[in-house]
Amino acid sequence: MTLRFGAPWSTSLTLISLFVVGVFALVWAAGAVVAAVLLGATVALAGCYAVLGYAVEPGALVVYRPGWETRIDLAGLQSATIDPDAMRFALRVFGAGGPFAFVGRYRNRRTGPFTAYATDRDRCVVLRWNGRTVVVTPDDPETFVTAVEAAARRDEF
């Protein structure tokens with residue numbers, strides 16, 4: 001059985017995405033072709049890493065991306081907790097802080113080092129393994145946590 005979850009955008013992610021696309025449009029309209037091509041390539045690359053949603057299936061979490069997916073093995077999962085503050089004051093080590101998603105390696109005092117596949121920092125679910133932490137932001141965090149815990153045990157959910 002597979003349960004699917006949306007990845008709703010926060011207001012901040014929407015504004016960042018609109019701003020970046022707007023700057024690209026202005027640069028293009030101004031006729032700065034080289035700058036527009038470079039900025040357009042950056043926007044397109046960021047779009048490839050967008051988070052479109054999640055699926056929980058026995059033993060795995062799937063993060064949907066445009067044209068591809070990231071599979072995360074749930075074996076050894078120690079905890080799955082809802083924490084709206086998990087990304088607060090996070091420092092991006094490597095990745096993107098918008099547009100289209102907050103993805104990559106981050107770190108803060110509260111969560112420690114983690115990999116984010118996020119679109120709404122107020123819906124954070126923190127998944128912890130020994131030596132690894134992942135933060136995702138599903139549309140229904142409570143149901144997601146229940147499903148992930150069952151999937152990690154390979155139970156029906």
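In the predicted model, strand S10 spans residues 132–136, and four of its five residues are buried, so the strand is largely enclosed by the rest of the structure. The elements that surround S10 are described below, beginning with the sheet.

S10 belongs to an open sheet of six strands, ordered S5-S9-S10-S8-S7-S6, in which the pairing is mixed. The edges of this sheet are formed by strand S5 (79–82) and strand S6 (91–97), each of which pairs on one side only. On average, neighbouring strands of the sheet are turned by 20° against each other, direction ignored. In general, strands of a sheet pair through backbone hydrogen bonds, in either the parallel or the antiparallel sense.

Both senses occur around S10. With strand S9 (residues 125–129), S10 runs antiparallel, and the two are joined by five bridges. Within this region, Arg128 has Thr133 of S10 as its bridge partner. S9 and S10 form a hairpin with two residues between the strands, where Gly131 adopts a positive phi near 85°. With strand S8 (residues 112–118), by contrast, S10 pairs in the parallel sense, over three bridges. Here Ala116 has Val135 of S10 as its bridge partner, while Tyr117 stands opposite Val136 in S10.

Helix H3 (141–153) lies across S5, S9 and S10, and its direction is at about 175° to that of S5.

The packing of nonpolar residues was examined next. In soluble globular proteins, nonpolar side chains tend to be buried together. The largest nonpolar core of the model comprises 24 residues, and those with the most contacts inside it are Tyr54, Leu61, Leu127, Val136 and Phe144. At least two residues of this core are supplied by each of strand S2 (53–57), strand S3 (60–65), S9, S10 and H3. The greatest contribution comes from H3, with five residues. Another core, of 11 residues, lies apart from it and includes Ala86, Met87, Ala116 and Val135.

Key
Residues are numbered from 1 along each chain as its sequence is written. This is a predicted model: local features need pLDDT of at least 70, side-chain atom pairs count only at pLDDT 80 or more; totals for chains, interfaces and linings use all residues. Side-chain values use heavy atoms; hydrogens and water are left out. Buried means under 20% relative accessible area, exposed over 50%, partly exposed in between (1.4 Å probe, protein chains only). Two strands pair if DSSP finds at least two bridges between them. A nonpolar core is a set of buried Ala, Val, Leu, Ile, Met, Phe, Trp, Tyr and Cys residues joined through side-chain atoms within 4.5 Å. Axes are lines fitted to C-alpha atoms, for helices over the stretch in contact, and angles run from 0 to 180 degrees between N-to-C directions. Contact means heavy atoms within 4.5 Å.
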